[in-house]
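Please look over the sequence and the model below. The paragraphs that follow go through a few parts of it in turn.

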Amino acid sequence: MKLEYRNNELHCEDVPLSELFLEFGTPLYVYSRSAFLENFRAIDHALHGIEHVTCYALKANSNLHILKALAEEGAGADVVSAGELLLALKAGFSPERIVFAGVGKREDEMELGLKEEIHCFNVESIPELQLLSLVAMRLQKRARVALRINPDIRAGSHPYISTGLNDHKFGIPAAQAAEAFRTAASLPNLEVCGVHVHIGSQITRPEPFAEAADIVASLVRSQRAAGLPITHVDVGGGFGVRYKNALRQEGLPEEDEDSAPPSAPAELIGAMLPVLKDLGCTVWLEPGRAIVADAGLLLTKVLYRKENGAKRFLIVDAGMNDLLRPSLYQAYHQIVPVRLETMERETVDVVGPVCETGDFLARDRVMPRIKQNDVLAVLTAGAYGFVNVSNYNSRLRPAEVLVNGDRVRVIRPRQTLEELVS
Ligand SMILES: Cc1ncc(COP(=O)(O)O)c(C=O)c1O
């Protein structure tokens, strides 16, 4: 994100964040348009010279205005529900650049995908193939299908977001792939066109991607040998981003990093290219996080300072209902003051107002000393942030604004108490 201190005031592109919280209040999601467009372009460029489609995974952030900008930029869409499919169509993604993933598609969702003539369904089990075939017959449509294979690769991310191991619910185990392809080929109204893998999220090293590409390539070859015209490989998303030291600045504490910083998406994609480029298939990607995570932040105000025993707390107005990632999987977000006023340091827990001990944004965090009413920016919050917002504790959903140079647009107004109780 184009995020920097100018005269100790944090700016997103050319807008001082203090202007934003004064005008729109907190908690407030702020996105940089140029940041997510540049992220998309860098990923898309990594495949230049190869026929490909970079689908944006809507689950990371499905704000319609962000979707519209990505659709205009030429992205495809990876959707996992009827809701996401309708949002993608409304945003202007063309159906032939939409793939429908998800381990539990319902019949009505299949119907919608078929009626809208999306590019393909990423199918995750034999019963799903059977149902899709029945629905397609009923509608007199042909369903294009890629089979999601679970390659049993340890991708090294948090257990809740790694998806490519045999004991995870996702995909068809590699050992059953041949049988699943045979079944798919035998069912009416299905057209088997591809192989799909997605090995997890927040993967920071190239090796698991190289391994996954090898598995995909050998499946393409074996299925072609068995007579199936495979023309499409989808290698998923999962490219990791930097959460620690996302912003470096004199006056901000250096954050301890337990591992090397993530490789850039282009490098992660590069690890797959030697194998993918010779397959003669269109390559599909499904990145979410790597496009929007560092293009967004959450502004939150310090309501109170409080000491309980040995602990010092900053109680802020954003809770786990506004940003679930720390509570859900102990995710780390760098948190910085919007006004950098002191070199003094202290160790604090940054906690929300929700009635749960697990409602925290940071624990035992070394930060510049923060006062009551100061505003903090929780960084790298553009992915899996707003999409996980809830009304838990009957709290209001926060607003979202989009910054473009020195211009600001509200892309989702703050929910009101009237709306909540109506
Ligand atoms: C099938 C599939 N594709 C793509 C993604 C996007 O992953 P990421 O945001 O890590 O790029 C996910 C995330 O869960 C997924 O399940």
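Which of the 17 residues around the ligand come nearest? In this predicted model, they are Ala 57, Ser 201, Gly 237, Gly 288 and Arg 289. Sorted by class, the shell around the ligand is made up of seven nonpolar, six polar and four charged residues.

The next subject is the division into domains. According to the domain assignment, domain 1 covers 3–29 + 294–421, and domain 2 covers 33–289. Their centres, taken over C-alpha atoms, are 31 Å apart. Where the two domains touch, domain 1 contributes 29 residues to the contact and domain 2 contributes 27 residues.

Several strands take part on the side of domain 1 that touches domain 2: β1, β18 (360–368), β20 (399–404) and β21 (407–412) supply at least two residues each. The largest share of this side comes from β20, with four residues. By class, the residues of the side of domain 1 that touches domain 2 are 19 nonpolar, five polar and five charged.

Strand β1, one of the strands on that side, also belongs to a sheet. This sheet is open and has three strands, in the order β1-β2-β3, with antiparallel pairing. Because β1 (3–6) and β3 (15–16) stand at the edges and have a single partner strand each, one side of each is left without a neighbour in the sheet. Strand β1 runs antiparallel to β2 (residues 9–12), and four bridges join the two. Within this pairing, Glu 4 has His 11 of β2 as its bridge partner.

How values were computed
Residues are numbered from 1 along each chain as its sequence is written. This is a predicted model: local features need pLDDT of at least 70, side-chain atom pairs count only at pLDDT 80 or more; totals for chains, interfaces and linings use all residues. A residue is near a molecule or strand if its C-beta atom, placed from the backbone, lies within 6 Å of it. Ala, Val, Leu, Ile, Met, Phe, Trp, Tyr, Cys and Pro count as nonpolar, Asp, Glu, Lys and Arg as charged, and the others, Gly among them, as polar. Two strands pair if DSSP finds at least two bridges between them. Domain bounds come from an automatic or database domain assignment. Two residues are in contact if their C-beta atoms, placed from the backbone, lie within 7 Å.
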